[in-house]
Amino acid sequence: MLPVDPAQKLSFKRCIADGDLVIVYERHDTMKAVKVCENSVLQNRFGVFKHSDWIGRPFGSKVLSNKGGFVYLLAPTPELWTLVLSHRTQILYIADISFVIMYLEVVPGCLVLESGTGSGSLTTSLARAVAPTGHVYTFDFHEQRAVSAREDFERTGLNDLVTVGVRDIQGDGFPDDFFGKVDSVFLDLPQPWLAIPSAGKMLKQDGILCSFSPCIEQVQRSCETLRANFTDIRTFEVLLRPYEVKEGKMESCQADESGSTGSLPRKRRQRSSEEGSNGREISNSPTTVMARPSPEAKGHTGYLTFARLRCLS
């Protein structure tokens, strides 16, 4: 996903090679991650696609099937990986992820601790943010989830930036090896207040902690614990409202005889001299681009609580 060259500079391979991971874009609501293998094929509703036809093409290419159907071959960015990864747990999506990385002040070279790993959605974006010289240490108490996450990071080429551990952070805290060395800590736990004291010991002076919780009661109890050693405690709820953009006919709004404009905007059709012999009317409404909120907008995901470790005087 994020190959690092000898000069420690991140760059995508612009041409697809055998063994690469690509995101196959079939339509706006259908994408999948596919590992390129020269002798393999991809079959879907649009036909059969030979992997051998993909090799040597740049990312973003449009490729045709045996039936004339097509897909796009996209580079596996963290944003796209979040949309196609296997869900072993509920995941964070792009709106929350971008907010977390900004408020945790994660930059290249940072050392970040995360618990729990879950499906690795946030971990993938954290890895890109700390690359090429930083590192993410992520922990999950569930061994099989940790193993699956480690396999995913190997698939996406992040194993040099991410280390996965199996550990009950709520019960045992973070390993003492990180004492006073960590720039940022992220907690996604059922009882984050149990891990906050350990997280505070791991952080550098002025380090930042973020806790993700779906319930406000979890936030309240976490904030009570944070007040002992943290300052600048803030909680946010990020709500995403996507819009659909489509082409359509513009219709003017006309009031009825009572002056009401409560009905939907519409335009009466006018008889035209250009009307065909079959009596069909020709609409003279101009075509325009219209935008409206998506009816499938996601609501509440969780609360993000941020706090900064209090500096010792």
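Helices (H or I, at least four residues) and strands (E, at least two) are DSSP runs, numbered from the N terminus. This is a predicted model, in which local features need pLDDT of at least 70, side-chain atom pairs count only at pLDDT 80 or more, and totals for chains, interfaces and linings use all residues. Residues are numbered from 1 along each chain as its sequence is written, and side-chain values use heavy atoms, with hydrogens and water left out.

**View 1. Two cis peptide bonds are found in loops.** Pro 132 sits in the loop between α3 and β8, and a cis peptide bond with omega of about 5 degrees joins Ala 131 to this proline. Another cis bond links Ser 115 to Gly 116, with omega of about -5 degrees; Gly 116 belongs to the loop between β7 and α3.

**View 2. Glu 105 and Asp 206 each have a positive phi.** For Glu 105, in the loop between α2 (94-103) and β7, phi is about 55 degrees although this residue is not a glycine. Asp 206 is in strand β11, and its phi is near 75 degrees. Here, buried means under 20% relative accessible area, exposed over 50%, and partly exposed in between (1.4 Å probe, protein chains only). Glu 105 counts as partly exposed because its relative accessibility is 44%; Asp 206 is also partly exposed, at 36%.

**View 3. Asp 20 is a buried residue before β1.** Asp 20 lies in the segment preceding β1 (21-27) and counts as buried because its relative accessibility is 12%. A polar atom of the Asp 20 side chain lies 2.8 Å from the backbone nitrogen of Ala 17.

Key. Polar contact = N/O pair within 3.5 Å; in protein donor to acceptor, adjacent residues only side chain to side chain.
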